[in-house]
Amino acid sequence: CAKPVFRDHTFTALPLPILPTHTPLSTVNGLQARTFGIWTLLSSVIRCLCAIDIRNTTLYYITLFTFFMALVHFLSEVFIYHTAALTIGVMAPLMVASFSILGMLIGLQYLEVEAVSENKKKN
């Protein structure tokens, strides 16, 4: 656990495990943190709705897209903007997004086969 550091009557808990040491703390403000939180909440709602109605192809594609967005976001923060280091705090979402994309692409094949078989039954 990090020990608190007091400077000029302000409180800062150092080190931040997600941010590399060369990133100034002023690059993240409250608005950005809340926006990221809302984005995470929205993604989780979409993913839960897809889990409830897994056969809804439109919702399935939207859910798959949320995982692609998360993967691109975290990869860009690490390799393009250099605002995050490859720590466990960044590696975990990268792995979740990667494995979820792989699993959903495999599941998409079954979803498409099921749709074709439903169409054959109707005809």
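**The aromatic cluster and its surroundings**

A: Phe36 and Trp39 lie three residues apart in helix α1 (residues 30–52), so about one helical turn separates them. Helices (H or I, at least four residues) and strands (E, at least two) are DSSP runs, numbered from the N terminus. The model is predicted: local features need pLDDT of at least 70 and side-chain atom pairs count only at pLDDT 80 or more, whereas totals for chains, interfaces and linings use all residues. Residues are numbered from 1 along each chain as its sequence is written, and side-chain values use heavy atoms, with hydrogens and water left out.

Two aromatic pairs are found when the whole structure is searched. In one of them, the ring centres of Phe36 and Trp39 are 5.4 Å apart and the planes stand at 50 degrees, so this pair is tilted. Rings of Phe, Tyr and Trp (its six-membered ring) pair if their centres lie within 6.5 Å; planes under 30 degrees apart count as stacked, over 60 as edge-to-face and the rest as tilted. Phe36 is partly exposed, with a relative accessible area of 34%, and Trp39 is also partly exposed, at 22%. Phe36 pairs with Phe74 as well: the centres are 6.2 Å apart and the planes are at 85 degrees, so this pair is edge-to-face. Here distant parts of the chain are linked, since Phe36 belongs to helix α1 and Phe74 to helix α2 (residues 57–79), 38 residues apart. Phe74 has a relative accessibility of 15% and is therefore buried (buried is under 20% relative accessible area, exposed over 50%, partly exposed in between, with a 1.4 Å probe and protein chains only). Together, Phe36, Trp39 and Phe74 make up one aromatic cluster.

Among the buried residues of α2 are Leu64, Phe67, Leu71 and Phe74. The cover over the buried residues of this helix includes α1 and α3 (88–122). Over the face of Phe67 lies Arg47, at 3.8 Å from the ring centre (a charge sits over a ring if NZ of Lys or CZ of Arg is within 6 Å of the centre and within 35 degrees of the ring normal).

In soluble globular proteins, nonpolar side chains tend to be buried together. The largest nonpolar core here has 18 residues, and those with the most contacts inside it include Leu71, Leu94 and Ile101. Such a core is a set of buried Ala, Val, Leu, Ile, Met, Phe, Trp, Tyr and Cys residues joined through side-chain atoms within 4.5 Å. Helices α1, α2 and α3 are the elements that give two or more residues to this core, and α2 provides the largest share, eight residues.

Ile101, in helix α3, is buried with a relative accessible area of 8%. Apart from neighbours within four places in sequence, Ile101 contacts Leu64, Phe67, Phe68 and Leu71. The C-alpha atoms of Ile101 and Leu64 are 6.3 Å apart, although the two residues are separated by 37 residues along the chain.

Terms used. Contact = heavy atoms within 4.5 Å.
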